[in-house]
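Visitor: Hello! Could you walk me through how some of the helices pack here?

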Amino acid sequence: MFHALDQLAAQGVRHRDIKPDNFGIQRRKDRTWQLKLFDFSLTDASDRDVKAGTRGYLDPFLGSMRRAHYDDHAERYAAAVTLHEMASGERPLWGEGQLDPLTNESAELHVATELFEPALREGLTAFFQRALHRDTEQRFDTLRQMWDVWREVFRAADATAPATTPSTVGASSDDPEEARDRAAAAAGPTTPLDAAGLSPRAVSVAGQLGATTVGELLDIQPYAISKARGAGALVRKELNRRRKQWATALRPAAPYAPPRRQASDAGAPQQAAPGSDETRILSIDDMAALLVPEPGRKGSHRVDVVRLTLGLPLDDGGLSPLGAWPVQARIADHLGIKQTSVSRHHRNEIRRWTEADWLAPVRTELTEIVEAVGRVMTADEAAAELRARHGAGADAPARTLARALAVVRAAADAETAERQDEDPAGPHEPRFAVHRRGDTVLLAAESLPGADDPSPRELADYAALLGQAAERLARQDPLPGRGEVLRALRSVPAPDGLAPLADTRLVSLAAATAPAVAATPRLELYPRDLSLERAVRISQAGAGVRRDRGITVAELVARLRARFPGLDLVSSPREPTHVELLDALEGARFDLVYDDEAEKFFPRTPESRGPWSSTGALTSYQPPTPVTRADRQDPHGPLRERLTAVAERGGFLALTVKPNAFAGAAETVTAAFPVEAVDLSDVFLTAFHALAAEKGQDWQKVLRADSLSTPGSIKPGLASFVRVVWQRVEQAVLARADAPRTVLFLHDAGLVARYWDEGGHAFLVRLQNAARRPADAPHGLWLLCTVETRAQEPKLDGRTVEVIGGDGERAHLDQEFLDTLRVPAGTG
């Protein structure tokens, strides 16, 4: 694109309508692809015509006193918007799309930062903030300068070293390739690809294939990599090379699996045969069963106390009513006994756990786990690691985690228990300690005598501070990328003597310590209750759906889960329905429809309306109209559904009709949709009559003054009256929107144009902006306008009605559509 614009600039030509619709891809004879720029119909437009072009890509600051003519800055502005849309799928917005930045200094630029590739996020954000700046002196001076900075964004990303892991945290290298080779050699199946030595380009392509870890990449066949969309030859070669390297290193033979128990042995854990050297690995289910004591005498609460203390799941399939790691006071209240009884039973069990031979190696293993991850971790993390090492039965994940947490608690209680001086085992020094920080339970390694290691309390405090930082980061809008996350977490002061944590461990610890926060495989932080619409938008789950294949609900959910694995909406047993996903896709601006028969989402089928022609204020070629099977049966159904949805959603909408369809259009629309019709001419004249009577003015004199005036040249005395009338009209109109969610439908509004400069324009703009703001009244505002052609901008007697977002705030009603609205329900 830059090359094409550079060639045009060399010839002294401005395209004047740069946008994605004017680019195509052509396949050369050598089977390579080339970008093509077409539609040069506006190159001869006068520089004085600052409205020629397409709204959304046209520089909004043209037409000011400083920029009365089209210039090179406007050409580069359109190029920047096009690049932004290619990088994110959306155009940038000024003032959330609700304000005109030329007349409103408060309108700020909103760049779709969280939709950019994580490795490019910071560079692209800075690029677009400069390229689209409201002050041209702050923008790029030349196309060449803009081009150089664009390429530098990608060069900087290519030179970025991979995130560090516990295996690579101590190593450093100025050469990114050397750092990547070292990271690849140290990677394991669970290593995130961002930390495994792949370039950002390769990580991006792997993500499109559904792989975020080394193990997931190994599950993708080489032929799928060779056909990856958007991947160049170098990226495909890199992915296949690393995949082969990891397959050789990590999958030389089938992994060892502990011998399975037969169904008849499921009642109790089995020990190794006498004289055998085999040490069988106890599963999580085995160990949880060993923790519960035998039933005691009648009326004893011992078993209930132990099960509640450990948070063991119920036998009927549910979870413990008190959750994991409850305090003794809650257990006593739940059972209706004294806390001293709970404490006594707990102490007795700790003594039993301390003496259990099978639990001793688990305590040692837990100590090693805590040391390996940087000396501090949450109990949930420790439970997940034990679950991965020991395996478990095919129960629900939440119940399996509860049993693993029970084992962690028993091991921690036994490890940290105080022993009597006469204990035959000798003095016992706990190897780790347990600390609570809010609702989070932390395991922290004890410092060795004479060492400078931080104490467990210092480690727990540090983890809690990381969790607080994670909560702040997850609440940001847009969500921060890896670089910002790491900088913020590194700024949290670590205790003296603590070795620096790896990038991967730093982010995972921060997320684990903040219960409402989760981390992505790309080391981003996000809230677990992220809305479905925002998750779809950020993950771009609806992008790239092929018309011949479609995408199922399960496949869409898998895309969401790959980007946001800890999202509540996709990690709970109930996954989003196709109806919920359809709403989210629509809100995220993905034009997909759901086919009930195929049970898949498909892109809407486009229908061309005619040739291209660019004239006047915007390109007149309308976007392809979506056509579905239902649409062909009822061609007016989509428009009817859209108007119904707009009435529900609110906002501003200009309804355009041709002059031959104007008669009766207002009554027809009012009868068909939930709107409050307002005859603006009637309201205006009623207010004017009342004001004239108050001031003692003869009405015939007012009419004579009006007849001697023309739009734009109103008699001064009449103008002063009219301004007051518009204030009263606004009050009267808003009074009809007192009911919640009222949509006002203004028709016969020609007086707005006649008294445009005397308050009519300001009246209309205030109502438009109020309708665009969800918290203000009216909830919605519809305005009936006449046009000569359906592609013409909405106008009131020659005055242009401002709409935002192109066709998003206007709809054309043709005669046939109005006729269908007039047909009574149930008739043919």
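**Helix packing, question by question**

Guide: Contact here means heavy atoms within 4.5 Å. This is a predicted model, where local features need pLDDT of at least 70, side-chain atom pairs count only at pLDDT 80 or more, and totals for chains, interfaces and linings use all residues. Residues are numbered from 1 along each chain as its sequence is written, and side-chain values use heavy atoms, leaving out hydrogens and water.

Visitor: What covers the buried residues of helix α1 (residues 2-10)?

Guide: The buried residues of α1 are Phe2, Leu5 and Leu8. They are on the same side of α1, because they cover an arc of only 125° around the axis. Their cover includes β2 (33-37), α2 (72-88) and α4 (143-158).

Visitor: Are α2 and α4 roughly parallel or roughly antiparallel?

Guide: Axes are lines fitted to C-alpha atoms, for helices over the stretch in contact, and angles run from 0 to 180 degrees between N-to-C directions. The axes of α2 and α4 are 11 Å apart, and the packing angle is about 20°. Angles under 35 degrees count as roughly parallel and those over 145 as roughly antiparallel, with 65 to 115 roughly perpendicular and the rest oblique. Therefore α2 and α4 are roughly parallel.

Visitor: Which residues of α2 and α4 make the contact?

Guide: The crossing of these two helices, α2 and α4, is right-handed. From α4 come Leu143, Met146 and Trp150, and from α2 come Arg76, Ala79, Ala80 and Leu83.

Visitor: At roughly what angle do α11 and α12 cross?

Guide: Helix α11 (residues 302-310) meets helix α12 (residues 328-335) through Asp304, Val305, Leu308 and Thr309, which touch Ile331, His334 and Leu335. Their axes come within 10 Å, and the crossing angle is roughly 135°.

How values were computed:
Helix = DSSP H or I, 4+ residues; strand = E, 2+ residues; numbered from the N terminus. Buried < 20%, exposed > 50% of the residue type's maximum accessible area, 1.4 Å probe, protein only. Arc of directions from axis to C-beta. Left-handed = near helix turned anticlockwise from the far one by under 90°.
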